[in-house]
Amino acid sequence: MKKNFIRFGILTSFFVLFSCNDSNKLTEVVEVPLPTKEEKITIGTPEEVKADPGSFELTKLTFPYDGLAPDIRSLTLETHYSKHYLTYTNNLNKEIVSTEFENMPIEDILKKMDLSNAKLRQNAGGYYNHTMYFNLLTPKEQTPKDTLAGSINKEFGSFNNLTNQFKAMATKQFGSGWVWLVVDRYGKLQVTLTGDQDNPLMKNALILGTPIMGIDLWEHAYYLDYQNRKGTYIDAFYKHVNWEKVNENYKEALKKVKKV
């Protein structure tokens with residue numbers, strides 16, 4: 001397997017991933033330290049990353065870790081995919097063993113689960129959210145076409161208006177969370193946000209609906225590249241949205257509300 005080597009200088013911070021120790025309190029379950037001195041870091045390949053046996057698997061990246069560079073660099077993507085996403089996946093699989101959720105689609109788990117079950121809520125949400133995130137990234141910049149493009153123009157006035165609304169909401173989001181483009185229960189496109197690893201499929205959502213695009217606003221998604229410059233990360237992410245996949249998600253979501 002081809003390995004990439006990256007040299008980093010002195011860094012003092014570290015990344016963490018939140019999960020749960022009890023039914024109410026979120027704590028950290030995976031710690032990803034940054035280099036403490038100038039050293040080489042070995043970056044593997046996405047193909048090497050495998051979830052433990054269980055109901056859910058990692059979605060496959062369609063490009064190498066450096067495929068989005070320089071906007072999202074290889075160490076950020078490798079850490080996000082092989083540490084954070086993998087941990088959510090493994091934790092979810094452990095959490096649902098021998099329960100009613102073990103063979104249930106993730107969307108149904110999110111809709112039916114008891115939100116007071118903090119472990120299941122955080123890990124099921126983390127798995128679903130990250131699966132969508134990694135399915136929506138592409139090296140090539142795109143714009144919406146087909147059915148989605150027409151609906152964006154109709155409901156937002158233009159793609160530029162949607163972009164401005166989406167980026168503005170993501171920029172204003174305080175703390176960890178996600179901003180989504182969703183199809184609501186009436187088949188209308190809306191931009192909304194959720195905290196932590198919640199998403200619009202859950203009972204507590206401000207706008208209930210089917211997500212078709214989402215941006216991860218946890219610091220692990222951008223801090224290695226952009227530190228406190230979250231807005232720059234939002235711009236970088238938006239350059240790498242696979243709008244063809246978003247269009248596929250849109251048409252599938254419309255079927256659920258019987259709009260096509």
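Select leucine 181 and then methionine 213, which is its bridge partner in strand 7. The model is predicted.

The open sheet now on screen has 3 strands in the order 6-5-7, with antiparallel pairing. From one strand to the next, the twist averages 30°.

Helix 3 touches strand 5 and strand 7, and its direction makes about 75° with that of strand 7. Helix 8, residues 243-256, touches strand 5, strand 6 and strand 7. The direction of helix 8 makes about 155° with that of strand 7.

Keep helix 3 (residues 118-135) and select helix 1 (residues 74-96). How do these two helices pack? Their angle is about 135° and their axes are 8 Å apart. Angles of 65 to 115 degrees count as roughly perpendicular and those over 145 as roughly antiparallel; helix 1 and helix 3 are therefore oblique to each other. Their crossing is left-handed.

Finally, show side chains at this contact. On helix 1, the contact residues include Leu77, Tyr81, Tyr85, Tyr88 and Leu92. On helix 3, they include Leu120, Ala124, Tyr127, His130 and Phe134. Coloured by class, the contact has 11 nonpolar, 8 polar and 2 charged residues.

Key: Residues are numbered from 1 along each chain as its sequence is written. This is a predicted model: local features need pLDDT of at least 70, side-chain atom pairs count only at pLDDT 80 or more; totals for chains, interfaces and linings use all residues. Side-chain values use heavy atoms; hydrogens and water are left out. Axes are lines fitted to C-alpha atoms, for helices over the stretch in contact, and angles run from 0 to 180 degrees between N-to-C directions. Helices (H or I, at least four residues) and strands (E, at least two) are DSSP runs, numbered from the N terminus. Angles under 35 degrees count as roughly parallel, over 145 as roughly antiparallel, 65 to 115 as roughly perpendicular and the rest as oblique. A crossing is left-handed if the near helix is turned anticlockwise from the far one by less than a right angle, and right-handed if clockwise. Contact means heavy atoms within 4.5 Å. Ala, Val, Leu, Ile, Met, Phe, Trp, Tyr, Cys and Pro count as nonpolar, Asp, Glu, Lys and Arg as charged, and the others, Gly among them, as polar. Two strands pair if DSSP finds at least two bridges between them.
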